[in-house]
Amino acid sequence: MAESLRDNDELQLTAYCDGELEPAAAVKFEWRLAVDESLRARYSRLTSLQKAVRSLPQFDLPPSFQARIRSRLDADRLSNVTVLRRRSWPSQALAAAAVFGAVLSSSVMMTIEYFGQGEDVASQVVAGHIRSLLAPQPFDIASSDRHTVKPWFTARLAESPQVPDLAAQGFSLLGGRVDVVGNSPVATIVYKHAAHTVSLTTLRASQNVPEQTIAGYNVRSWSEGNFTYVAVCDLPRAELAAFESAFSAAESTATEIN
C-alpha cells in the first residue's frame with residue numbers, strides 16, 4: 001500500500017513539474033508540498049535535474065561515430081529490406097533517430113552522474129554543518145576579525161578563500177573551521193544571522209552542487225574565481241540568496257583591493 005502511494009506521488013510530482021496537472025489538482029499538490037518535507041525534497045531534486053538537463057551543451061557527433069551509425073543502419077537495411085519497404089522509413093530518418101537516441105542516452109547518463117556527484121557533495125557539506133551545530137561551538141577558530149580567520153586558513157590549507165566582513169549586511173563573522181569533503185580538507189567560514197548559523201564551505205571551482213534541501217537545511221551554491229561556495233543554513237532560500245549577493249559583492253571588492 002505504501003509503495004503504491006509513493007508511486008502515485010512520483011506520478012503526480014512529475015506531472016506537476018511538467019505543468020500537466022489540472023488547476024484543482026495542482027493547488028492540492030502545492031498544499032502537500034508545503035507540509036510534506038520529504039515530498040518537497042524530491043521536488044527540489046527533480047527540478048534541479050531538469051535544470052541540469054536543459055543546460056547541457058549542444059555539440060556535433062564526431063564524423064567517425066556518425067559513419068559507424070550509418071554503416072550499421074545500411075547493414076540492417078540490406079538484411080531487412082522487405083520490412084523497411086513496408087514501413088517506408090527513409091534511411092536518413094533512421095539515422096537521425098539513432099543519432100538522437102545515442103546523444104540523448106549519453107547526455108542523460110552524464111547528467112545523472114554529474115547531478116548525483118553534486119548531491120553526494122551537498123550531503124557531505126550538510127553533514128559537516130550538522131556536526132558543527134552538535135559540537136560545543138561550530139568553529140575551530142573563534143574570531144569576528146577577518147584578518148585573523150584568513151591567515152588561520154592559509155596556514156592549514158593549500159588555498160584559502162577571502163573572508164569578508166558582512167556584519168553591515170546582517171551576517172556577522174563568527175570564525176572558521178576545516179571540514180573534510182571527499183577526503184580533502186576544505187575551508188568553512190561561519191557566519192551568524194539572527195539566531196541562525198550559516199556554514200559557507202569552499203570547494204574546487206569545478207565542483208557542481210545543485211540547490212536543494214537536505215534534512216531541513218537549504219543548500220545554495222555558486223562559483224567565483226578558484227572556488228565553488230556552498231552555503232548551508234535553515235534560513236529561507238531568499239535570505240540565503242541575499243547572503244550570496246552580500247558575500248560576492250564583498251569578495252569582489254576585496255579581490256580588487258588585493
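**Burial, contacts and salt bridges in a predicted model**

The structure holds 5 salt bridges, a salt bridge being a side-chain nitrogen of Lys or Arg within 4 Å of a carboxyl oxygen of Asp or Glu. This is a predicted model, in which local features need pLDDT of at least 70 and side-chain atom pairs count only at pLDDT 80 or more, while totals for chains, interfaces and linings use all residues. Residues are numbered from 1 along each chain as its sequence is written, and side-chain values use heavy atoms, with hydrogens and water left out.

Visitor: What makes the pairing of Asp179 and Arg177 a salt bridge?

Guide: The N to O distance between the side chains of Asp179 and Arg177 is 3.1 Å, and the definition asks for a nitrogen within 4 Å of a carboxyl oxygen, so the pair qualifies.

Visitor: Why is Asp179 called buried?

Guide: Buried means under 20% relative accessible area, exposed over 50%, and partly exposed in between (1.4 Å probe, protein chains only); Asp179 has 11% and therefore counts as buried, and Arg177, at 4%, is buried as well.

Visitor: Why does Glu211 count as partly exposed?

Guide: Glu211 has a relative accessibility of 30%, so it is classed as partly exposed. Glu211 forms a salt bridge with Arg220, with the closest N and O atoms 3.7 Å apart, and another with Arg237, at 3.9 Å from N to O. Glu211, Arg220, Arg237 and Glu244 are linked in a network of salt bridges.

Visitor: How do you know that the buried residues of α7 line one face of the helix?

Guide: The buried residues of α7 (residues 146–154) are Val149, Trp152 and Phe153. Seen down the axis of α7, they fall within an arc of 95°, so they line one face; the arc is that of the directions from the helix axis to the C-beta atoms.

Visitor: What makes the link between Thr201 and Thr188 a polar contact?

Guide: The side chains of Thr201 and Thr188 are 2.9 Å apart at this contact, and a polar contact is a pair of N or O atoms within 3.5 Å, where within protein one must be able to donate a hydrogen and the other to accept it, and residues adjacent in sequence count only if both atoms are side-chain atoms. Thr201 itself is buried, because its relative accessible area is 1%.

Visitor: Why is Ala195 called exposed?

Guide: Ala195 has 65% relative accessibility and therefore counts as exposed; Ala195 is found in the loop between β3 and β4.

Definitions and conventions. Helix = DSSP H or I, 4+ residues; strand = E, 2+ residues; numbered from the N terminus.
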